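Have a look at the model first, then read on.

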Amino acid sequence: MFNPVLHLDEQTPHIHATVVLIDAAGKLSCRAMLGDRQKMRDMQTNFGEHQKV
């Protein structure tokens, strides 16, 4: 499930998104989309590195 909401009521328009990861069996599972714990850690680290100024 993906539920984006566009906010135009502030000085800077932006989107909030809620993502619920459901696997092929209909169960809640981030592993189906994101992989194992190490892959998720790596993605968080890469995101943090990308956000540095």
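Is Ser29 buried or exposed? Ser29 is buried, with a relative accessible area of 17%, where buried means under 20% and exposed over 50%, using a 1.4 Å probe and protein chains only. Keep in mind that this is a predicted model, where local features need pLDDT of at least 70, side-chain atom pairs count only at 80 or more, and totals for chains, interfaces and linings use all residues. Numbering starts from 1 along each chain as its sequence is written, and side-chain values use heavy atoms, leaving out hydrogens and water.

**Around Ser29**
- Ser29 sits in the loop between β2 (14–19) and α1 (31–34).
- Neighbours within four places in sequence aside, Ser29 is in contact (heavy atoms within 4.5 Å) with Leu21 and Asp23.

**Fold**
- The chain has two helices and two strands, taken as DSSP runs (helices: H or I, at least four residues; strands: E, at least two) numbered from the N terminus.
- Along the sequence, the order is β-β-α-α.
- Strand β1 (residues 2–7) runs antiparallel to β2, with six bridges joining them; strands pair if DSSP finds at least two bridges between them.
- Pro4 has Ala17 in β2 as its bridge partner.

**Whole chain**
- Of the contacts between residues at least 6 apart in sequence, 0% join residues at least 24 apart.
- The C-alpha atoms fill a box of roughly 40 × 30 × 10 Å along the principal axes.
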